[in-house]
Amino acid sequence: MSASRPTIVVLTAPDEPIPEGLEALEAEAELRRADDAAGLRETLPGAEILCVTDFRTDALADAWPAADALAWIHATSAGVDALMIPEIRDSAIPVTNARGIFDGCIAEYVLGQIISFCKDFAGNYRLQQDRQWQHRETEPVAGRSVLVVGAGSIGRRIARTCSAIGMEVDGVGRRARDGDEDFTAIYAQADLLSLLPDYDFVVIAAPLTADTEGLFGAAEFKAMPPGARLINIGRGPIVKTDELLAALQDGEIDGAALDVFEQEPLPADHPLWGLPNVAISAHMAGDFIGWKRALSEQFIDNFRRWQAGEALNNPVDKQSGFSAAGR
């Protein structure tokens, strides 16, 4: 808890304004905005709260010496990898995230991609463009097997959504667990390679941590059955892009739906754009109409909890990089 009118620094992406809705706090707090390391160094002194809206920021390490009063850091994203510099990770300052805001829309995106693959919507579109009437058979969705890598709140919402239409969904977490209410089974990440041959769809919903960076490479793609598809809505660096490209070109896996990439934006000349069995979106799987205001409202609610001395919602385990309530 702080003084009656604390200072909040909002770290945005370059040239982005303070998020819509945060102006509601102007009577209760001093709002300062920064969009780079220099601006952050200028605005941090005396600030009790840092709200980071730029999930790609690299400004924190350089500006950190100016943080002389921080008592709470919030990320308006599910992933907090950009915040986990040693100075923050090893401090007593609590970090919270946007857990729960994007879960439903991300689960809808995943289910939509699964249905699109099974019903070959991309093939229908290509035939339509060529004005070809070609009767074909497609795959049923019910009964397909799904492995969700990342059993936190997003992974769980994916599991519930896919299970609702008859898919068989297992999860991968940091450790194996029995008797889960959302997954048929949860296996340990250490066993991933031995699990992959058994699933039609593999969905990456894990945050980027030291344990997940580069988790999917040539060996993992070789372990997947030839008809399997990969869906990544987690973080781009979890997948080794060049090795995924090779696996798709060589037919080791049947397709991929990718919302995140090692390099964003994906360069216009990247070969992934031209593959007919790849669906690409611009890191937008969870972004719904009104999402920015929803993030602001979530932060405002947590701010008032902080002011009242109450426990903050969505604390992050800084050592693991996961939400403390995640799996």
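User: Which residues line the second largest cavity?

Analyst: Keep in mind that this is a predicted model. The space in that second largest cavity comes to about 50 Å³, and its lining splits into six nonpolar, three polar and one charged residue. The residues doing the lining are Asn-232, Gly-236, Val-239, Thr-241, Leu-244, Leu-258, Val-260, Phe-261, Glu-262 and Leu-272.

User: What is the volume of the largest cavity?

Analyst: The structure has two cavities of 30 Å³ or more. Eleven residues line the largest cavity, and nearest its centre you'll find Gly-150, Val-172, Gly-173, Gln-189 and Phe-322. The volume of the largest cavity is about 60 Å³.

User: Within what arc do the buried residues of α9 fall, seen down its axis?

Analyst: Helix α9 covers residues 241-249, and its buried residues are Thr-241, Leu-244, Leu-245, Ala-247 and Leu-248. They line one face of the helix, because looking down the axis of α9 you see them fall within an arc of 165°.

User: Which elements are included in what covers the buried residues of α9?

Analyst: Two of those buried residues, Thr-241 and Leu-244, also turn up in the lining of the second largest cavity. As for the cover over the buried residues of α9, it includes α8 (218-223), β10 (229-232), β11 (255-258) and β12 (278-280).

User: Is Thr-212 buried or exposed?

Analyst: Thr-212 sits in the loop between β9 (201-204) and α8. Its relative accessible area is 1%, and the cut-off for buried is under 20%, so Thr-212 is buried.

User: Which backbone nitrogen does the side chain of Thr-212 reach at 2.8 Å?

Analyst: The Thr-212 side chain has a backbone oxygen in reach at 2.7 Å, that of Pro-207. Beyond its neighbours within four places in sequence, Thr-212 is in contact with Gln-189, Ala-206, Pro-207 and Ile-238. The backbone nitrogen reached at 2.8 Å is that of Thr-209.

User: How far are the C-alpha atoms of Ala-190 and Asp-200 separated?

Analyst: Ala-190 lies in the loop between β8 (186-188) and α7 (192-195), and counts as exposed at 77% relative accessibility. Along the chain, Ala-190 and Asp-200 are ten residues apart. The separation of their C-alpha atoms is 20 Å.

User: What is omega for the peptide bond from Glu-264 to Pro-265?

Analyst: Most peptide bonds are trans. The bond leading from Glu-264 into Pro-265 is cis, though, and Pro-265 belongs to the loop between β11 and β12. Omega for that bond is near -5°.

User: What phi does His-283 have?

Analyst: Most residues other than glycine have a negative phi. His-283 isn't a glycine, yet its phi is positive. You'll find His-283 in the loop between β12 and α10 (291-307), where it counts as buried at 18% relative accessibility. Its phi is about 50°.

User: And what about Asn-314, what phi does it have?

Analyst: Asn-314 is in the loop between α10 and β13 (316-317). With a relative accessible area of 16%, Asn-314 is buried. Although Asn-314 is not a glycine, it has a positive phi of about 60°.

Conventions: Residues are numbered from 1 along each chain as its sequence is written. This is a predicted model: local features need pLDDT of at least 70, side-chain atom pairs count only at pLDDT 80 or more; totals for chains, interfaces and linings use all residues. Side-chain values use heavy atoms; hydrogens and water are left out. Buried means under 20% relative accessible area, exposed over 50%, partly exposed in between (1.4 Å probe, protein chains only). Helices (H or I, at least four residues) and strands (E, at least two) are DSSP runs, numbered from the N terminus. The arc is that of the directions from the helix axis to the C-beta atoms. Contact means heavy atoms within 4.5 Å. A polar contact is a pair of N or O atoms within 3.5 Å; within protein, one must be able to donate a hydrogen and the other to accept it, and residues adjacent in sequence count only if both atoms are side-chain atoms. On a 1 Å grid over the protein atoms alone, a cavity is a set of points where a 1.4 Å probe fits but cannot get out, and a pocket is an open set with protein on both sides within 12 Å along at least five of seven lines; lining residues have an atom within 4 Å of a point. Grid points are joined across faces, edges and corners, and a volume is the space filled by probe spheres set on the points. Ala, Val, Leu, Ile, Met, Phe, Trp, Tyr, Cys and Pro count as nonpolar, Asp, Glu, Lys and Arg as charged, and the others, Gly among them, as polar.
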